[in-house]
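Open the model in your viewer and keep the sequence panel beside it. This tour names what to select at each stop and says what is there.

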Amino acid sequence: MAVSMSDVARHAGVSQRTVSNVVNNYVHVSPATRARVQASLDALGYRPNTAARRLRTGRTGTVTLAVPSFRERYFADLAEAVVGAARDRGTTVLVETTGGDRDTELELLRGGGDVLTDGVIMSAVSLGRDDQRGAHPVVLIGDREPGSTIDHVGIKNREAAQAAVTHLLGTGRRRILLLGANRGPKRSYQLRRQGYQAALKKHGTALEPELLVACDWTTTAAAAAIARTFETLRPDGIFAMNDSAALGVLQALHRRGVDVPKDVSVIGFDDIVESSLSTPTLSTVAPLLGDIAASALDLLAEQVDEQHVPQHRMAGYELRIRESSTR
């Protein structure tokens, strides 16, 4: 026999309404009560009647995830995290790509086009802080300029970049090249460059402008940039703006017979799957994608409340130290 909400309410010692609030992920439940109800849900094996709930609430049980493209592996990993977190909540994710096109992003932001889901989670490239969403729930993922009034989940880019460069400095590196400067998503490269500079300053290492090397954040562009500049600059450490660029660094250095990490230490950013499969394996900054996904889904749910105030939440990160920077 199917377990009902009233069964769960009796087991947890709460009202059926409280159980409903927990099942529907409403925010006005204390953490202790939510935990008690969730324990009863798990113990009894409760499964919500999603068809009935959707008829009752007028909600579809689906959300849209919009990313620029899947050419960058990071967005595939992000999509996997969002799909997994949504599945745990009984929600289905529809995924689409925007190509970074401003008109497409604006249409999604304002709830137009073919948006037939309960909300949109979007990694936007072209939206600015003055762009406003419509009535449709929207959460933006990534770096945003201060002053934006749209719910947003980001990572601590400046702090994470500082930690990555501090790691290189801690292994004795002093001529640390920043690869991908002034390219890529504007706010991301600004924050990561600030973190790079902050680490140098804290350790009393002078900033050498020639070590800020511009290139696109792709494997091919990064490999070409290193081939073009390495002999002149002779860095002993390289912080690449993302893992795709860092993998290009490893390729270029291998072709030149440069030993990594004996001669040059390398660290990237994103912790894409390939970073643990390269030779040598790549040290990197790992954004906690599960935290990003959960926070974005939470914010979508909270926008149902008319009193909701837009929030900016920051997910954590971890340094994954592997062979490319271990001396």
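Select Arg102 to begin: with a relative accessible area of 35%, Arg102 is partly exposed. Bear in mind throughout that this is a predicted model. Arg102 and Asp131 form a salt bridge, and their closest N and O atoms are 3.0 Å apart. Arg102 sits in helix H6, while Asp131 is in the loop between strand S3 (120–122) and strand S4 (138–141), so the pair ties together parts that are 29 residues apart in sequence. Is Asp131 buried or exposed? Asp131 is buried, because its relative accessible area is 8% and the cut-off for buried is under 20%.

**The whole chain**

Zoom out and colour the chain by secondary structure. The protein chain has eleven helices and twelve strands. Its C-alpha trace spans about 70 × 40 × 35 Å along the principal axes. The chain holds 327 residues, and buried residues make up 50% of them.

**A patch of charge**

Go back to helix H6 and select Glu107, which belongs to this helix (residues 102–109). Glu107 has a relative accessible area of 43%, so this residue counts as partly exposed.

**Along helix H5**

Move to helix H5 (residues 73–88) and show the side chains of Arg73 and Asp77, both of which lie in this helix. How many residues apart are Arg73 and Asp77? They are four residues apart, about one turn of the helix. Their side chains meet in a salt bridge, with an N to O distance of 3.0 Å. Arg73 is partly exposed at 29% relative accessibility, whereas Asp77 is buried, with a relative accessible area of 9%.

Keep the view here and select Tyr74 and Phe75. The count of aromatic pairs in this model comes to one. The ring centres of Tyr74 and Phe75 are 5.4 Å apart and the ring planes stand at 70 degrees, so the pair is edge-to-face. The cut-off behind that label is an angle of over 60 degrees between the planes. Both Tyr74 and Phe75 are buried.

Side chains of opposite charge can pair when their charged atoms come close. The count of salt bridges here comes to twelve. For another of them, select Glu231 and Arg234, whose side chains meet with an N to O distance of 2.8 Å. Glu231 is partly exposed, at 43% relative accessibility. Arg234 is partly exposed too, at 46% relative accessibility. Then select Asp271, Glu318, Arg320 and Arg322: salt bridges that share partners join these residues into one network.

**Last stop: a loop**

Finish with Gly13, found in the loop between helix H1 (5–12) and helix H2 (16–23). Is Gly13 buried or exposed? Its relative accessible area is 61%, so Gly13 is exposed; the cut-off for exposed is over 50%. Now use the distance tool between the C-alpha atoms of Gly13 and Val153. These two atoms are separated by 35 Å, and the residues lie 140 residues apart along the chain.

Note on methods:
Residues are numbered from 1 along each chain as its sequence is written. This is a predicted model: local features need pLDDT of at least 70, side-chain atom pairs count only at pLDDT 80 or more; totals for chains, interfaces and linings use all residues. Side-chain values use heavy atoms; hydrogens and water are left out. Helices (H or I, at least four residues) and strands (E, at least two) are DSSP runs, numbered from the N terminus. Buried means under 20% relative accessible area, exposed over 50%, partly exposed in between (1.4 Å probe, protein chains only). Rings of Phe, Tyr and Trp (its six-membered ring) pair if their centres lie within 6.5 Å; planes under 30 degrees apart count as stacked, over 60 as edge-to-face and the rest as tilted. A salt bridge is a side-chain nitrogen of Lys or Arg within 4 Å of a carboxyl oxygen of Asp or Glu.
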